[in-house]
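This briefing is meant to be read beside the sequence and the coordinates. The points below are grouped by topic and can be followed residue by residue.

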Amino acid sequence: MTKSRIAAVDVGNDSVKAIFGELERELNIPNIIARDTEDRPVIGIEDLDSKDPLDGIHIRVHSPSLKENNVIYRVGNLATKSINATELDPGSSKSEEDQTLIMLFATLALDAVNSDFPRNKNIIDASYILGTGLPLREVKEGKDAGYRSKLLGSVHQVEFLVTPKYQGMKVNIKFDEVKVYPEGFAAFINLVMDNSLKIINKDLIDKRILIQDIGGLSTDIAVIKNRNVDDDKAQGFNLGVSESLEQIREEIRKKHGVELDSRRDVVEIITKKNDRNHIMVKGSRTSVHDITDRILLDLAKKQYRLLRNVWAKNSQTEICYFVGGGSIILKEYIKNINNSLDGYNIDFFEDEKESIWMMANAYYKLIKDFIRKTEKQNTVKDKAPVKS
Ligand SMILES: Nc1ncnc2c1ncn2[C@@H]1O[C@H](COP(=O)(O)OP(=O)(O)OP(=O)(O)O)[C@@H](O)[C@H]1O
Ligand SMILES: [Mg+2]
């Protein structure tokens, strides 16, 4: 039997975050796919082998778990430029969308081609122990079981088509184990425990806390009590930062005639250390502070309203942590609003990466712990006296 590799994967609406093996690899891929045909035109004098494979993910995916099998997709950066690109719709269920599986399989395949799985010519047989998650809402509806069995039940194949370095490779993915955790609970685990699941935050573990995760398309507020998520109290909202970033991009285009490539560029402008909220217009340094301030303040107010509502229903809450990429963007605005209004006990993460990788880190800790426990059980079994 081949040895399985650990994968902790957070399929976020905005991007996939994945951690592999003994922490030796991480991948971050925008969650965006577009249908394509067999031979994507290679533009100009594009030299396939000198390019980054992550900028040219072009795959065919075979899996009985997909609603539409054997379809060819552009994934991530390559899909951004397509007119028919699809991002997840806020109302949809992660566990039931082909897009979630396509992103997951593509991410694993990109790891597999660089790992030491058995290979036969261009075919790689990869097996994983997967830790992943679903929004609390879907776990509450019991959709985690169906999602897990879809993954466990068959072999899934990713075939690289016109992708730099990997063209022609086929990766067969099978799962030895899949654990699906609720997202809010995972964030809590990450806050209170280290990589060996030792408690690192004694103060926090028995407190009543809220975790407000501001993502690309959605915001989830988990309610933690007695070291567990309170399923009935947790809430999900279809409000993220993507729309506001898009709006900022549009207003910069209208007012200054400057076309920014993507939402990522907007994030860069509003978070960079030097010359924040400035762009170059025809070679002159120009402030866009008026635009960013108005739009982000507006979103921060909406986020604050969500906090207020949830706090009102959980009056004995002691602290609320803001996580997710959206919290980085809105941090100063939310702090200011809070200072001039209710003065709740709230906190943010200094380290941007920690905020964004929260879920993936948590899944990693949880799946490691699961493996440790199973290994322990097996050793006990091995040592049991054998009847003769
Ligand atoms: N380093 C960063 N600094 C600031 N903002 C960032 C950074 N990375 C990502 N963002 C922005 O934060 C937003 C949310 O990112 P995040 O990764 O938390 O979302 P997600 O988990 O993929 O989405 P969801 O939680 O809705 O499923 C994105 O719109 C992204 O542009
Ligand atoms: Mg998220």
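Asn 314 sits in the loop that joins H9 to strand E17 (319-323). In this predicted model, Asn 314 counts as buried because its relative accessibility is 10%, and the cut-off for that class is under 20%. When residues up to four places away in sequence are set aside, Asn 314 touches Val 223 and Lys 233.

**Loop residues**

- Asn 226 is placed in the loop between strand E12 (219-225) and strand E13 (228-229), and it has a positive phi of about 50 degrees although it is not a glycine.
- Asn 226 counts as exposed because its relative accessibility is 64%, the class being defined as over 50%.
- Asp 275, in the loop between H8 and E15, likewise is not a glycine and yet has a positive phi, here of about 60 degrees.
- With a relative accessibility of 33%, Asp 275 counts as partly exposed.
- Ile 199 belongs to the loop between helix H5 (183-192) and helix H6 (202-205), and its relative accessible area of 38% makes it partly exposed.

**Helices H8, H9 and H10**

- Within helix H8 (residues 263-271), the buried residues are Val 266, Ile 269, Ile 270 and Thr 271.
- These buried residues of H8 pack against several elements, namely helix H7 (242-256), strand E15 (278-281), helix H9 (289-313) and helix H10 (325-340).
- Two packed helices are described by the angle between their axes and the distance between the axes.
- For H9 and H10, the axes come within 9 Å and cross at roughly 65 degrees, and the crossing is right-handed.
- On the H9 side this contact is made by Thr 292, Asp 293, Leu 296, Leu 297, Leu 299, Ala 300, Lys 301, Gln 303 and Tyr 304, while H10 contributes Ile 329, Leu 330, Tyr 333, Ile 334, Ile 337 and Asn 338.
- By residue class, the contact of H9 with H10 consists of 10 nonpolar, three polar and two charged residues.

**Surroundings of ligand 1**

- Ligand 1 is surrounded by 22 residues, of which the closest are Asn 13, Asp 14, Ser 15, Lys 17 and Gly 325.
- A backbone N or O atom of Gly 216 lies 3.2 Å from an oxygen atom of ligand 1, and a polar backbone atom of Leu 217 is 3.2 Å from an oxygen atom of the ligand.
- For Ser 218 it is an N or O atom in the side chain that is 3.2 Å from an oxygen atom of ligand 1.

**Lys 143 and its contacts**

- Lys 143 lies in helix H4 (residues 143-152) and, at 22% relative accessibility, counts as partly exposed.
- The side chain of Lys 143 makes a polar contact of 2.9 Å with the side chain of Glu 141.
- Leaving aside neighbours within four places in sequence, Lys 143 is in contact with Ser 93, Ser 95, Glu 96, Leu 134 and Glu 138.
- Although Lys 143 and Glu 96 are 47 residues apart in sequence, their C-alpha atoms are 8.4 Å apart in space.

- Arg 35 is found in strand E4 (residues 33-35), and its relative accessible area of 41% makes it partly exposed.
- The side chain of Arg 35 makes a polar contact with the side chain of Glu 68 at 2.5 Å.
- Not counting residues up to four places away in sequence, Arg 35 touches Glu 68, Val 71, Ile 72, Tyr 73 and Asn 84.
- The C-alpha atoms of Arg 35 and Lys 170 are separated by 19 Å, and the two residues are 135 residues apart along the chain.
- His 58 is part of strand E5 (residues 57-62) and counts as buried because its relative accessibility is 0%.
- Ile 72, which is among the residues that Arg 35 touches, is 7.3 Å from His 58 in space, C-alpha to C-alpha, and 14 residues from it in sequence.

Terms used: Residues numbered from 1 in each chain as written. Chains lettered and ligands numbered in written order. Predicted model: local features only at pLDDT ≥ 70, side-chain atom pairs only at ≥ 80, totals over all residues. Heavy atoms only, no water. Buried < 20%, exposed > 50% of the residue type's maximum accessible area, 1.4 Å probe, protein only. Helix = DSSP H or I, 4+ residues; strand = E, 2+ residues; numbered from the N terminus. Contact = heavy atoms within 4.5 Å. Axes fitted to C-alpha atoms, helices over the stretch in contact; angles between N-to-C directions. Left-handed = near helix turned anticlockwise from the far one by under 90°. Nonpolar A, V, L, I, M, F, W, Y, C, P; charged D, E, K, R; others polar. Near = heavy atom within 4 Å. Polar contact = N/O pair within 3.5 Å; in protein donor to acceptor, adjacent residues only side chain to side chain.
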